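Please keep the sequence and the coordinates open while you read.

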Amino acid sequence: MTAFLISLAVLIGGYFIYGLLMERIVGLDPHRKMPALTHRDNVDFMPLPAWKVFLIQFLNIAGLGPIFGAIMGIMFGPAAFLWIVLGTIFGGAVHDFMSGVISIRRDGASLPEIVGEQLGMSVKQVMRGFSLLLMILVGAVFVMTPATLIASMTPDALGVTFWIGIIFLYYMLATILPIDKLIGNLYPLFGAALLFMALGIMYMLIFGGVEIPHEMSAGLYNRHPGADATPIFPMMFVSIACGAISGFHATQSPMMARCMTNEKLARPIFYGAMVCEGIVALIWAAAAISFTGGYDELAAFMADPARGGAAGLVHSISIEWLGVAGGVLAMLGVVAAPITSGDTALRSARLIAADFMGFDQSKLWKRLGVSVPIFAVSFVIMMIDFNVLWRYFAWCNQMLSVFTLWAITVWLSRDCRVKVGGLFSAWWLTLIPAMFMTVVCVSYILFAPRPEGFGLPYEASLGAGLLTSLLLALLFRRSLRAIAPATD
């Protein structure tokens, strides 16, 4: 319990200390003209109350990752707690905050345009296709699981296929309607359900007489049942994505940059939402090993097909800890998480496609012209096996964070030449996460078994990851000297 409470306190403290440092580095200006006002179209560029923008951002990024990802990640052992806390504070929250601030200062530009501006036209073209593919993957991945969960709570006549149709119809409407309609009105309800879920489970962890067998004192060695084939590095850092750092989030920050009325809100909305997601991941990681009784017991639960894997564990925890009524509300929160990421993922896909085509989105027929092909591709991808989709989504998601972190680092070196404590340049604060995530993603795709990856030996994969990261750092350093020779 002590380790859990310390982790919770560090996450909250990170928002007030490290988040404030990030705010001071970029110099948030309360008088800056915001894209919501200068480009208002009452569809995507539209001023919304700060609390709504926060809830939308939080629900956008809090998909299945901080719940299912945390459950699968904690199977690696107590190292997962450290990654959730440190990854959130120094990686994920900085990543989300910086991408949001840059978008504000580039008139609400979408992620590919931001990355391309910093890393060049060739990278921009790659990012346009890569980001669009990831958004469609998210939309497809986040249909099946909520449909399955809702079907388990409704009469048999309303099966999984029925709920897939209902959720996908909602996704289509949320994609093309003005943001203040479905999303602006439903997210407070979804937010209340997700908040109840998190607070209810956390209450049981702290006050319910529950023991959290974290076993931190025994060391950070790998507890995963397939430890030889799934080493902590890099496997755990891909399994726990949205609960620590996620490239998907950087596609959502620009969407909210188009709705904010004051730049000073960037820290609570972008950095704060990621810290809240880290807390959700921490709660579910602790709940998983507490409910099952330990790492071995959790592995046995997940290996038993009759128990329903991560979804079955979430259902069991919710019902047994919170009772039937509370459990149903908690499950609604779990259902809301993927739905509120899937709808905005497809909306982001529309915005990304419209941006690179230069296609105005103020008219409904123009939004349909961009959206219909996206819906068609999403529907086709939904037919692929969910487990295959999730594996590729997880790696693509983390790879997007690599592009984003490198772009942020370049932006800091060009547009934000400040010293941290008078000692070193601010770009060091994102260069280190950028290099780390580069090693993670390159070594993962090389080491992962076929057909997911290339199935290369672990040492060779890790060496290639380190070499790639070092080469990119040297290229950055070279470009830095060309831009500003006096910068350290």
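A disulfide is taken here as a pair of cysteine sulfur atoms within 2.5 Å. The model is a predicted one. By that cut-off, the number of disulfides is zero.

**Cysteines**

- C259 takes part in no disulfide. The cysteine sulfur nearest to it belongs to C276, 19 Å away.
- Is C259 buried or exposed? Its relative accessibility is 0%, so C259 counts as buried, the limit being under 20%.
- C396 is in no disulfide either. Here the nearest cysteine sulfur is that of C441, at 9.6 Å.
- C396 has a relative accessibility of 10% and therefore also counts as buried.

**Helix pair α6 and α7**

- Two packed helices are described by the angle between their axes and the distance between those axes.
- Helix α6 spans residues 111-119, and helix α7 spans residues 121-152. Their axes come within 7 Å and cross at roughly 160°.
- That angle makes α6 roughly antiparallel to α7, because angles over 145 degrees fall in that class.
- The crossing of α6 with α7 is right-handed.
- On the α6 side, the contact is made by L111, P112, E113, V115, G116, E117 and L119. On the α7 side, M121, V123, K124, M127, R128 and S131 take part.
- By class, the α6 and α7 contact residues are seven nonpolar, two polar and four charged.

**Helix pair α11 and α12**

- Helix α11 covers residues 247-257, and helix α12 covers residues 266-292. They pack at an angle of about 135°, with axes 11 Å apart.
- α11 and α12 make a right-handed crossing.
- From α11, the residues H249, S253, M256 and A257 meet F270, M274 and E277 of α12.
- This contact of α11 with α12 divides into four nonpolar, two polar and one charged residues.

**Burial of α11**

- How many residues of α11 are buried? Eleven of the eleven are, so the rest of the structure largely encloses this helix.
- The buried residues of α11 include G247, F248, A250, T251 and Q252. P254 and M255 are also among them.
- H249, S253, M256 and A257 are on the buried list too, and these residues of α11 meet α12.

**Backbone features**

- Most residues other than glycine have a negative phi, and most peptide bonds are trans.
- Which peptide bond is cis, with omega near 10°? The bond from F233 to P234 is cis.
- P234 lies in helix α10, residues 232-239.
- N42 is not a glycine, yet its phi is positive, at about 60°. N42 sits in the loop between α2 (35-38) and α3 (50-61).
- With a relative accessible area of 40%, N42 is partly exposed.
- D107 has a positive phi as well, near 60°, and is a residue other than glycine. Where does D107 lie? D107 is in the loop between α5 (79-105) and α6.
- The relative accessibility of D107 is 44%, so D107 counts as partly exposed.

How values were computed: Residues numbered from 1 in each chain as written. Predicted model: local features only at pLDDT ≥ 70, side-chain atom pairs only at ≥ 80, totals over all residues. Heavy atoms only, no water. Buried < 20%, exposed > 50% of the residue type's maximum accessible area, 1.4 Å probe, protein only. Axes fitted to C-alpha atoms, helices over the stretch in contact; angles between N-to-C directions. Helix = DSSP H or I, 4+ residues; strand = E, 2+ residues; numbered from the N terminus. Left-handed = near helix turned anticlockwise from the far one by under 90°. Contact = heavy atoms within 4.5 Å. Nonpolar A, V, L, I, M, F, W, Y, C, P; charged D, E, K, R; others polar. Parallel < 35°, antiparallel > 145°, perpendicular 65-115°, else oblique.
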